[in-house]
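Please look over the model below before reading the points.

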Amino acid sequence: MADASYPTDLLYHPEHDWARIDGDHATLGITWFAQDALGEVVFFDPPEVGATTAAGESYAEVESVKAVSDVIAPLSGEIVEVNAELSDSPEAINEDPYGAGWLVRIRLSDVSETASLLDAASYESSL
Amino acid sequence: MLAAIGVSSVEELFAAIPDGVRLRRDLDLPPGMPEQDVYEHLLSLARRNTCAEDEVTFLGAGMYDHYVPAVIDMLLGRSEFLTPYTPYQPEISQGGLQVMFEYQTAISELTALPVSNASVYEGPSAVGAAGYLAKLANGRRRFVVSRGLHPHSRETLRTLSHGYGTEVVEVPLRDGVTDQEAWAAAIDDETAAVFLQQPNFLGAVEDAHALAQAAKASGAVVVGSYDPIPLAILAPPGDCGVDVAVGEGQSLGNRLDFGGPSFGFFAATEAYLRRMPGRIAGETHDVDGRRGFVLTLQTREQHIRREKATSNICTAQALNALAGVVYLSWLGREGIVELAELLLQRTAYAREALCAVEGVAALHEQPVVREFAVQLDVGGLEGVRRVIDRCQDAGVNPGYALGRDLDEHPTGLLVAITEQRTREQIDRLAGMLGAAIAAERAGEREEVRA
């Protein structure tokens, strides 16, 4: 993705992860900044459906040609869906980090955690 | 040189080292010796060894006295291969990287498995690394290991798995091969990996396919430790359901060299590519579209992944693996089959000849390729050692005393055959063993009488 972007309808975690909230569910991924720092993503090994995420802790790894990075969960919950397309097209994480490059979908265990996440403006100014 | 860098003394170069840690005395080493005295000293040390060229040796047990053709020394001596470090800069390392790629291809073809790394240190640590791969892959807590694995491999696996908390369960042999009932009974859904050796430590050909199939339902990783030359005539691991094939590469173009250095090979199914340890050379294209080679998938390795790496190894035994791929090229596809068939025939002859000797009996009757086990009618391991000594005094090393590692075979002897062992030498061994055993038994009777 050519230019930096931080959609305003998302919430952000300082470790460069985003969350799209939809009731008591959320879709998670990594931000434009993260994919840009990693470089060309070559592999994403998804966690199992049914596994849990804990806010602030790693739930998966993203591998690029030069580095391996932990993916930090912005929110706690149970994984209900993983993006299976990424095993064939990991580059979607670079090309469309907020759309086709989504990583997992969770059922939130504590909706109040969203209050401690950053909005797009705060996240962008922290970079 | 000091003047060139603008420093007035060597002492100045160490100015940054704090006083408190300085040694302030000479190192506790003996004074230097003239070159000729050093040479004499090393020569006297070397003379304390008996090497394979000093005696007719039937000693095997993991490393074998094969002929190393002169072309290997010639190529390994080239400074382009002998002197460089790890090829992190592909632009100046194309020759070395291409050799690694060809080596990997040869191992893939030999094992019928699609991916191979550029080599690891040796056989036993490759077995240990395969265990770690399984643990990373499925997170389970137990290894099921055939007692047919080389004692060094079993010991290495135990040592490493102690570190990351995996239990090792051993399955005994029955009639010289892995007890298939006990093997199946030991495997459950807590089994991270199963380990078999082909041929096993007693030289017997295992039913690798059956052993692998028994593990399939549980989802355990099937690891096979293979002797590379017999692979020319045995069903390859990739065709038997083995997921990870490892082994000792010494018999491919490397001398015995007092146990090393040598190399270990490591091949696997595509599913385990990202969990493999070691260097991997990859084929690619440069900016002008020309074919080239690079180190690839480095994100598995510890200089990038640190404590989450697939292994602590970040090197290859490149020079020894070079000897391996040169040796395989020298033999060729037909040559390696001819060699293995020759070993098969000569080993069968040797087993027959030795078992016809008074005091020698087969330890098992399983098919063998290049090594077999017999029992000597003498008193325990000590008796076997004295028989070995008597033979060595007469210039022949009859083999390995199995009682050193296997309590259940105190009078066992493991006899290895290579293409260098002629029929005459085998006949001589038979005669010598008979005489040595008779003398030992006479000596035993003497002791009892006294």
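At what angle do helix 6 (residues 94–111) of chain B and helix 12 (residues 318–355) of chain B pack, and how far apart are their axes?

1. This is a predicted model, in which local features need pLDDT of at least 70, side-chain atom pairs count only at pLDDT 80 or more, and totals for chains, interfaces and linings use all residues. Residues are numbered from 1 along each chain as its sequence is written, while chains are lettered from A and ligands numbered from 1 in the order in which they are written.

2. Chain B has a mean pLDDT (the predictor's confidence in each residue, from 0 to 100) of 94, with 99% of its residues at 70 or more. For the complex, the predictor gives an ipTM of 0.70 and a pTM of 0.88.

3. The two helices of chain B pack at about 60 degrees, with axes 9 Å apart. Axes are lines fitted to C-alpha atoms, for helices over the stretch in contact, and angles run from 0 to 180 degrees between N-to-C directions. Helix 6 of chain B is therefore oblique to helix 12 of chain B; oblique covers what is left after under 35 degrees (roughly parallel), over 145 (roughly antiparallel) and 65 to 115 (roughly perpendicular).

4. Chain B is divided into domain 1 (56–63 + 343–449) and domain 2 (70–327), bounds that come from an automatic or database domain assignment. Their C-alpha centres lie 31 Å apart.

5. In chain B, 16 residues of domain 1 are in contact (C-beta atoms, placed from the backbone, within 7 Å) with 19 residues of domain 2. Strand 14 of chain B gives the most to the domain 1 side, with three residues; strands are DSSP runs of E, at least two residues, and helices runs of H or I, at least four, numbered from the N terminus.

How values were computed:
Contact = placed C-beta atoms within 7 Å.
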